[in-house]
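Dear colleague,

Please find below the structure that I am handing over to you. My notes on its aromatic rings and on one of its helices follow.

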Amino acid sequence: MQATLLWSLWQAILLPIAVGFTRRGQQRFVEWVTGLALNVEEHTITQSLIGLDRADDWRALESFAEYGSWNLRCLHWGLAHRLDRRPDRAGHGYRVWGGDDTKVHRGSPDVWGTCTFHEYTARCPNRARTVRAHNWVALGALLPNPGRPAHFLPVAGRLYFRKAQLPYAQGNAGPRLPFRTKCALLVELGREHAQDCSGKALGVFDGGFALRSVVRPLVKPEEPGQPRIDILTRLRHDARLHALPPGGRQRGQRGPSPKWGKRLPPPRQGGRWPGAWQTGKAFLYGREREVVYKEVVCLWRVLGHDVPVQAVVAKVEGYRKRFTLVSSATDLSGLQVVELFCARFRQEDGFRDLKQRLGWEECRAWTRNPIERTTQTLFVTLAALRLLQLALQEEEGDTWWLHPPWNPHKARPSVLDVERLLWQHRGGIQQCLADWLDSEGKAGE
């Protein structure tokens, strides 16, 4: 009975996402995602099908990943639209998404799209300083979770290539792909996600993307029909902030009115900004913390003189260094700005789950289509596991996952807890999947 309930919830999550496929392609996609969720070994297509006891479908699923009819843009839309239907999608009035880049190591130079990168985390003397990897610029939705850490659900990604190592568009000859920076890829992903969702959009990213090439296209779209996307990021140490210009013309003033007000102290001296310090509490980095902050509406050179922004300097309990943040969403309070920016860290947890739980770095694909399609399938799998967790909480409360007596401090379930529940009912889910796949003939036909 529990397996039937899990399968019905799982199917209700995946089918609205798997748009753009034929009926048979939709079945194969759901089979692939289910195999990744149930797999406890290497997360390859072969091992996933063996775990489902459907090894005979391997040729059909391999062909589906390489040559099948896919529309990645429709798949992105299906996932974003499925998330947008949730009542808890908005945080403080905004559809919040987080963007960042991450490297997925691939050892062979024959794998399509790999580039060499300097590994800044190689602090051990026996680790290579230069690695070969795929560099993904990824975007995902941040769902608020009052009193607990936010949920990060990956939606879409683009591969970044170094200008000197651009791959061929297909195969080992012919035209190469055009060079695009990480900033351009993030802007493209943000615009697509905003078009797929309703309501106001807010992009949250780290200071590495706090550049004119990212901020201005998002906040001030140049072409008609493009959505405005407010931003929230960390101020760089060399950021130039200005007070708002005086309103109206002064007596005896000559020439044009100034566009910029008096220059404010740099971010490292945020305590000298005008305004009083305020105190509040917010759920940040795993627990409720006290925040002492100051906020000021000003102008930011990166964004231009015609868009006011809110700059926030905050002292967060448990952290020695102060947070200096900036957002074009001036209707947010300083405390909300800090809360939303700290929620962005859940993206790092999402990357960890993709690599450690779902085997992102275990991919055995060598050519372009399987590489891009496998990554998107992993994104859907992680998002579906999170949505299943939320559905189970709505159906059964907090009783469906194991509360370990040896760890009384664990107060919330993880992706691993969802996978363990699926593993416990593997046989029943396999039977439900087989009945559904064989209802219109075998998936390999």
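Which residues form one aromatic cluster? The cluster is formed by Phe21, Phe29, Trp32, Phe64 and Trp70.

The model is predicted, so local features need pLDDT of at least 70 and side-chain atom pairs count only at pLDDT 80 or more, whereas totals for chains, interfaces and linings use all residues. Residues are numbered from 1 along each chain as its sequence is written, and side-chain values use heavy atoms, with hydrogens and water left out.

**Aromatic pairs**

A pair of aromatic rings is described by the distance of the centres and the angle of the planes. Here, rings of Phe, Tyr and Trp (its six-membered ring) pair if their centres lie within 6.5 Å; planes under 30 degrees apart count as stacked, over 60 as edge-to-face and the rest as tilted. Searching the whole structure gives 17 aromatic pairs. One of them joins Trp32 and Trp70 edge-to-face, at 6.2 Å centre to centre and with 80° between the planes. Trp32 belongs to helix H2 (residues 23–38), while Trp70 is in the loop between helix H4 (58–67) and helix H5 (72–84), so this pair ties together parts that are 38 residues apart in sequence. Helices are DSSP runs of H or I with at least four residues, strands are runs of E with at least two, and both are numbered from the N terminus.

Trp32 is buried at 2% relative accessibility, and Trp70 is buried at 13%. Buried means under 20% relative accessible area, exposed over 50% and partly exposed in between (1.4 Å probe, protein chains only).

Tyr285 and Phe345 also form an edge-to-face pair, with 5.9 Å centre to centre and 85° between the planes. Tyr285 is partly exposed at 26% relative accessibility, as is Phe345 at 40%.

**Charges over rings**

The charged end of Lys103 sits over the ring of Phe117, 5.2 Å from its centre. Likewise, that of Lys315 sits over the ring of Trp277, at 4.6 Å from the centre. The criterion is NZ of Lys or CZ of Arg within 6 Å of the ring centre and within 35 degrees of the ring normal.

**Helix H4**

Ala60, Leu61, Phe64 and Ala65 are the buried residues of H4. Seen down the helix axis, they fall within an arc of 130° (taken from the directions from the axis to the C-beta atoms), so they line one face of H4. Arg59 and Tyr67 are exposed on the other side of H4.

With kind regards
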